[in-house]
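Reader: Hey, could you walk me through this one? I'm new to reading structures.
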Amino acid sequence: MGIDLTYAPAPESRSIVDLKASYGLFIDGAFVDGHGSGFKTISPATEEVLAEVAEADAADVDAAVKAARRAYSRVWSRMPGSERAKYLYRIARIIQERGRELAVLETLDNGKPIKESRDVDIPVVAAHFFYYAGWADKLGHAGYGEDPQPLGVAGQIIPWNFPLLMLAWKIAPALACGNTVVLKPAETTPLTALLFAEICQQADLPPGVVNIVTGAGETGEALVAHPDIDKVAFTGSTAVGKAIARSIAGTDKKATLELGGKAANIVFDDAPLDQAVEGIVNGIFFNQGHVCCAGSRLLVQESIADDLLERLKRRMSTLRLGDPLDKNTDIGAINSAEQLARIRELSEIGESEGAERWSPACELPSQGFWFPPTLFTGVTQAHRIAREEVFGPVLSVLTFRTPSEAIEKANNTPYGLSAGVWTEKGSRILHVAGALKAGVVWANTFNKFDPTSPFGGFKESGYGREGGRQGLAAYLKTEQGGR
Amino acid sequence: MLAAMPPSPTADLTGLSDVTASESSLTRFLHGLPGVDQVGAEARAASLATRSIKTTAKAQALDLAITMVDLTTLEGQDTPGKVRALAAKAMRPDPADPTCPAAAAVCVYPDMVATAKEVLGDSGVHVAAVATAFPSGRAAMDIKLADTRDAVEAGADEIDMVIDRGAFLSGRYLQVFEEIVAVREACARPGSEDAHLKVIFETGELQTYDNVRRVSWLAMLAGAHFIKTSTGKVQPAATLPVTLVMLEAVRDFRAATGQMVGVKPAGGIRTSKDAIKYLVMVNEVAGGDWLDPDWFRFGASTLLNDLLMQRTKLTTGRYSGPDYFTLD
């Protein structure tokens, strides 16, 4: 009865990407050599070296900040908003035109499935530029005064989980408001930022408006510590975020920090179960769980826990793990050996603390960094896997009995970035959403990103908002803008 | 060609036998099923539709899809000549290629069953007849049953009945249930194999996914062998999200009772690309057990030729025009 329909490999061609052997820094509109020793970026799916990348030292960072300052005072801050908008629209259109190239490169460098880079990352990147292009000549109508002024030069540091998307979240609002930027991409995923630099050239963006300095932690430290930047925008770990906050204390630098999370995805007994299962899967296995707002804690009402877990396990068994360039791959590679070690460590701690570990039968490739989709049942609030951010495809399942217990457990975390609520009862959605201490609450969906919607955290998840009208405040001189 | 279908689900639905005892118990049960979130269901269907089925998998899927086609003609202008031609086409869809499999069935009005049966004989290609005052279902019960018996006596292997959507939408679930049970009884053929029953919901008229889930369970409880989306006479006919909800229902029904029920999207599926999207959905939602003409069918007319063209393209590497395939 029935047949075994085996999907043949359907790899996206990588020939569309013109990988260079080495990449320089992008300073003042041109690619230049760095003074650091340089580093290699690899494909986490195969460990193949993709390219050599320059490393910016303090002198390179200084040159980039100087270029940004010149561009700010001579060109960009004086340019009418309607003119800035033209550049941003142009960048957005080029991103769409070169979408497949960007998607393939993102997948190569990051390890995420091509279907995600193609259908989520790159389209949302373009949408961010289109959205903020629209604001550039309407800032006087954004609620921040009649003629709000830019801050100046922004130093921006972004993580490796959504390399180009995080770049867009940082650069689009900054430029729309009239700031210039020096951006440091993560050391494991610099390539799409460097391709974006080419796109800036292609768009004839004035030199110095966007500068890209590649490197690791030291490069970032040099950028944050530079005396001539007015603003630090950081997305990454809470530990680094705290260090940044300490280092800029007592200066005039403003900051927005988007840090870690440990989101609760709350499923009530009247939830649309099949869609809740999809939301749980999307919440924790999207992008291998390398998502700061991942729904890493499933809170399920006890009365439906068995049924829901059975459905969830059945669904997890259909997830396809493997070659990220294969169009049918659902779960790609873990971004780095270091991250894989962290996920393994926390998972082992979960087991040793007594939680029950489950993964579907799933063959892992022998090369590269891989971790199967995993869930832990029998988890309590006291377990480390329920408290610490794993940043991987690992779901902790907890149960609750009443709405107030669900809210209490969901809020009982040092983080407060996001949460999900699943119920067919509208009044319960409103009540629970209002009671959750999280910057984003999704109702009957999860991990939906839109440029019109502000995103950001409570508590140790950081401060400031990115996206929407609120995202403008982070780059304007206003009482509400950053700290 | 088609294996005999297993014994039908009867009253032995462990834990579910009380459900249909009264109007109120049936209503409670159907309204107690988990809701369907429209946005989520449509997103899931759209995401499955992005699967890329190539080379060997595509060849496998195209042949499978051909074996699942209920080649359909349901027109006022149907004549014995048209039906005979269609039956011949169902047996040998591609006369130029003997490796091309046959379709599952020919689907006609009851008065054309004998004509179709004459041509198809024991070829293995079934004759399916629409009955019960198709497509509206607006007739007295005895007329619906007579319509059914007429088709069964003429030799129909399968009966595609329509439910009374008016009764369903006004909440008279037990009436719909009893009609299905009665038609199921009218499918009996003493001394020979009973006709199998497909129950058409006309999901375009029921509109909500919650209704689709409820009516799916209602029909399965009443003993449907197959649940079918549409008559093809109402828009929208079959859609991916509606079929998704029905596949979830048959999956859950098997988990609850051990009984398998088939699914037939009908109407609006015209291209191989569409058909493959449905097969991917069957594979990942209900499971590989349903990838079988005994458990999944396409109600279609123009789909078959597109499947044949794609099949020829895959084997020869060249596209040929529609002129190289018979119209019926």
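Reader: Ok, so where does the model come from, and what scores did the complex get?
Author: This is a predicted model. The predictor gives the complex an ipTM of 0.94 and a pTM of 0.95.

Reader: And what's the mean pLDDT of chain B?
Author: The mean pLDDT for chain B is 94, with 96% of its residues at 70 or more. Residues 1–11 of chain B are where pLDDT is below 50. In the model that stretch still has 19 contacts beyond near neighbours in sequence.

Reader: Switching to chain A. How many helices and strands does it have?
Author: Chain A has 14 helices and 20 strands. Its radius of gyration is 22 Å, close to the 23 Å that the globule rule gives for 483 residues, so chain A is as compact as a globular protein of that length.

Reader: What does the C-alpha trace of chain A span, then?
Author: Along its principal axes, about 65 × 50 × 40 Å.

Reader: And how many of chain A's residues count as buried?
Author: 57% of the 483 residues in chain A do. As for contacts in chain A with a separation of 6 or more, 72% of them are between residues 24 or more positions apart.

Reader: Let's talk cores. How many residues are in the largest nonpolar core?
Author: That core has 105 residues. B:Ala65, B:Val69, B:Val106 and B:Ile159 have the most contacts inside it. Apart from that core lies another one of 92 residues, and A:Tyr23, A:Ala126, A:Tyr144 and A:Ala193 are among them.

Reader: Now the two chains together. How many residues of chain A are in contact with chain B?
Author: 23 residues of chain A are in contact with 28 residues of chain B. On the side of chain A that touches chain B, helix 4 (114–135) and helix 9 (273–285) each supply at least two residues. Helix 9 of chain A gives the largest share, 5 residues.

Reader: What classes of residue are on that side of chain A?
Author: By class, the side of chain A that touches chain B has 8 nonpolar, 8 polar and 7 charged residues.

Reader: New topic: which peptide bonds are cis?
Author: The bond from B:Phe134 to B:Pro135 is cis, with omega near 0°. B:Pro135 sits in the loop between strand 3 (126–131) and helix 6 (141–153) of chain B. The bond from B:Gln235 to B:Pro236 is cis too, with omega near -5°. You'll find B:Pro236 in the loop between strand 6 (226–228) and helix 11 (240–257) of chain B.

Reader: What about B:Ala133, is its phi positive or negative?
Author: Positive: phi of B:Ala133 is near 60°, and the residue isn't a glycine. B:Ala133 is in the loop between strand 3 and helix 6 of chain B. B:Ala133 has 18 C-beta neighbours inside 10 Å, so it counts as partly exposed.

Reader: And where does A:Lys459 lie?
Author: In strand 19 of chain A, residues 458–459. A:Lys459 has a positive phi of about 50° although it is not a glycine. A:Lys459 is partly exposed, with 18 other C-beta atoms within 10 Å.

Conventions
Residues are numbered from 1 along each chain as its sequence is written. Chains are lettered from A and ligands numbered from 1 in the order in which they are written. This is a predicted model: local features need pLDDT of at least 70, side-chain atom pairs count only at pLDDT 80 or more; totals for chains, interfaces and linings use all residues. A nonpolar core is a set of buried Ala, Val, Leu, Ile, Met, Phe, Trp, Tyr and Cys residues joined through C-beta atoms within 7 Å. A residue is buried if 20 or more other C-beta atoms lie within 10 Å of its own, exposed if 12 or fewer, and partly exposed in between; C-beta atoms are placed from the backbone. pLDDT is the predictor's confidence in each residue, from 0 to 100. Two residues are in contact if their C-beta atoms, placed from the backbone, lie within 7 Å. Helices (H or I, at least four residues) and strands (E, at least two) are DSSP runs, numbered from the N terminus. The radius of gyration is taken over C-alpha atoms; the globule rule is 2.2 Å times the number of residues to the power 0.38. Ala, Val, Leu, Ile, Met, Phe, Trp, Tyr, Cys and Pro count as nonpolar, Asp, Glu, Lys and Arg as charged, and the others, Gly among them, as polar.
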